[in-house]
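Dear colleague,

Please read them with the structure open beside you.

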Amino acid sequence: MKFAILAPGKIAHMMAKTVTQLEEVECYAVASRSYDRAEVFAKQWNFEKAYGSYEELAEDPEVELVYIASPHSHHYEHAKLCLEHGKHVLLEKAFTVNAAQAEELIALAKEKKLLLAEAIWTRYMPGRKLLDDLLADGVIGNVTSLTANLGYVLTNVERMIKPELAGGALLDVGVYPINFALMTFHSEVAEIDTTAVMSDKGVDLMNSVTLTFADGKMAVLHSSMQSLTDREGVIFGDQGYIEVQNINNCEEIRIYDLDRNLVRRVNVPEQITGYEYEVLSCIKAIREGKSECPEMPHEETLRVMRLLDEIRSKWA
Ligand SMILES: NC(=O)c1ccc[n+]([C@@H]2O[C@H](COP(=O)([O-])OP(=O)(O)OC[C@H]3O[C@@H](n4cnc5c(N)ncnc54)[C@H](OP(=O)(O)O)[C@@H]3O)[C@@H](O)[C@H]2O)c1
């Protein structure tokens, strides 16, 4: 499949490193706002074409699937451009700035019969399936609650600190604890308790979010762009608990019994970078004529986006 990258920043390099190792992918084109940046990237990763504008990429009839890795503020505009030109789209997280934009893009993809998928890699990784299977097998009994956190020191990263680039901890790193919770608990969110520490520019530096679900379960979440956190997710049940080491790229799952003894360690399979799973899922969905990936259906993207809107409305 002819694969293209729009916005060759930091994460786009990781994606290029990944897709160059996938035989299903033909590394075809890259577009930057600067031709020179696109050309350097294309040479480095052996992409056939380099474009100095996103429009030129969208207008290339050969391009099939576009991976969009621009700042959150521009996801809507760039995804719309690609969809309007008949391209399938894999769009980085946070999907859009708000749920209304997400709804519009999803409707457009459906109307054009194109794939539109959110690049939230933790949804597609095999570690998640392993975890879901353990929970379904009842290894920690009846699950009641969980905690999850993610934090990095990102206060010098432009797209994180600028409100005009839709910066802030929640939209960037906070989506991982939220997705971790929503992948584990499927009933409706009945109540949200949240607080944030805001920067002088008006983006959240860190936040806490407690979600109470309609079936009585609870998720206690934290994300930060000010400090490094242990990235742990812990799921609690009435027969023990499960630790997930690194909710942003699962390295190990540890199961504890009611005496707090570690009874089992589960490792995840070897991976290229971890980004291959979302790409392979997109290719499969496109070949099957689907407009969404089963690992992250549109309804789940919207569930996340509506939650992000509601959380931020509570900080206002
Ligand atoms: N899935 C993951 O694990 C993961 C990890 C990190 C980031 N991400 C996501 O990937 C996206 C990009 O993150 P990143 O860390 O790669 O960012 P980055 O290094 O800042 O790259 C973003 C790129 O977007 C382009 N761009 C277009 N309009 C822009 C504007 N107005 N201001 C600044 N840049 C603009 C720039 O490329 P040109 O000017 O060359 O076109 C820039 O290089 C975000 O949505 C982020 O949440 C995902």
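The lining of the largest cavity is made up of 7 nonpolar, 2 polar and 1 charged residues, where Ala, Val, Leu, Ile, Met, Phe, Trp, Tyr, Cys and Pro count as nonpolar, Asp, Glu, Lys and Arg as charged, and the others, Gly among them, as polar. Please bear in mind that this is a predicted model, in which local features need pLDDT of at least 70 and side-chain atom pairs count only at pLDDT 80 or more, while totals for chains, interfaces and linings use all residues. Residues are numbered from 1 along each chain as its sequence is written, and side-chain values use heavy atoms, with hydrogens and water left out.

Cavities

The structure holds 2 cavities of 30 Å³ or more; on a 1 Å grid over the protein atoms alone, a cavity is a set of points where a 1.4 Å probe fits but cannot get out, and lining residues have an atom within 4 Å of a point. Grid points are joined across faces, edges and corners, and a volume is the space filled by probe spheres set on the points. The largest cavity has a volume of about 100 Å³, and its lining is formed by Thr122, Met125, Gly127, Arg128, Leu131, Phe180, Met183, Val244, Ile247 and Cys250. Helix α6 (126-136) gives the largest share of that lining, 3 residues, and α6 and α8 each supply at least two; helices (H or I, at least four residues) and strands (E, at least two) are DSSP runs, numbered from the N terminus.

The second largest cavity holds about 30 Å³ of space and is lined by Leu170, Gly174, Pro177, Ile178, Asn207, Val209, Leu221, His222 and Ser223. Two or more of these residues come from each of α8, β9 (204-213) and β10 (218-224), with α8 giving the most, 4 residues. This lining divides into 5 nonpolar, 4 polar and no charged residues.

Pockets and domains

The largest pocket has a volume of about 1,200 Å³, a pocket being an open set of points with protein on both sides within 12 Å along at least five of seven lines. Its lining counts 38 residues, of which Gly9, Lys10, Ile11, Ala69 and Arg159 are the closest to its centre. Helices α1 (10-19), α4 (75-84), α7 (158-161) and α8 (169-184) each supply at least two residues of this lining, which by class has 18 nonpolar, 10 polar and 10 charged residues.

The chain is divided into domain 1 (2-121 + 274-303) and domain 2 (126-270), with bounds that come from an automatic or database domain assignment, and each domain gives at least three residues to the lining of the largest pocket. The C-alpha centres of the two domains lie 26 Å apart, and 13 residues of domain 1 are in contact (heavy atoms within 4.5 Å) with 18 residues of domain 2.

The second largest pocket has about 170 Å³ of space. It is lined by 13 residues, and the closest to its centre are Gly167, Gly202, Val203, Asp204 and Arg312. Both α8 and α10 (298-315) supply at least two residues of that lining, which divides into 8 nonpolar, 3 polar and 2 charged residues.

Nonpolar core

The largest nonpolar core has 112 residues, and those with the most contacts inside it are Ile5, Phe47 and Ile242. Helix α8 gives the most to this core, with 10 residues, and the core draws at least three residues from each of domain 1 and domain 2. Such a core is a set of buried Ala, Val, Leu, Ile, Met, Phe, Trp, Tyr and Cys residues joined through side-chain atoms within 4.5 Å, where buried means under 20% relative accessible area, exposed over 50% and partly exposed in between (1.4 Å probe, protein chains only). Leaving aside residues up to four places away in sequence, Ile5 touches Ala12, Met15, Ala16, Ala29, Val30, Ala31, Phe41, Phe47, Leu57 and Tyr67.

Backbone points to check

Most residues other than glycine have a negative phi, and most peptide bonds are trans. Lys93 and Ala94 are joined by a cis peptide bond with omega of about -20°, and Ala94 is placed in the loop between β5 (88-92) and α5 (99-112). Asn246, in the loop between β12 (240-245) and β13 (252-256), has a positive phi of about 80° although it is not a glycine, and counts as buried because its relative accessibility is 3%. Arg260 also has a positive phi, near 65°, and is found in the loop between β13 and β14 (262-267); at 63% relative accessibility, Arg260 counts as exposed.

With best regards
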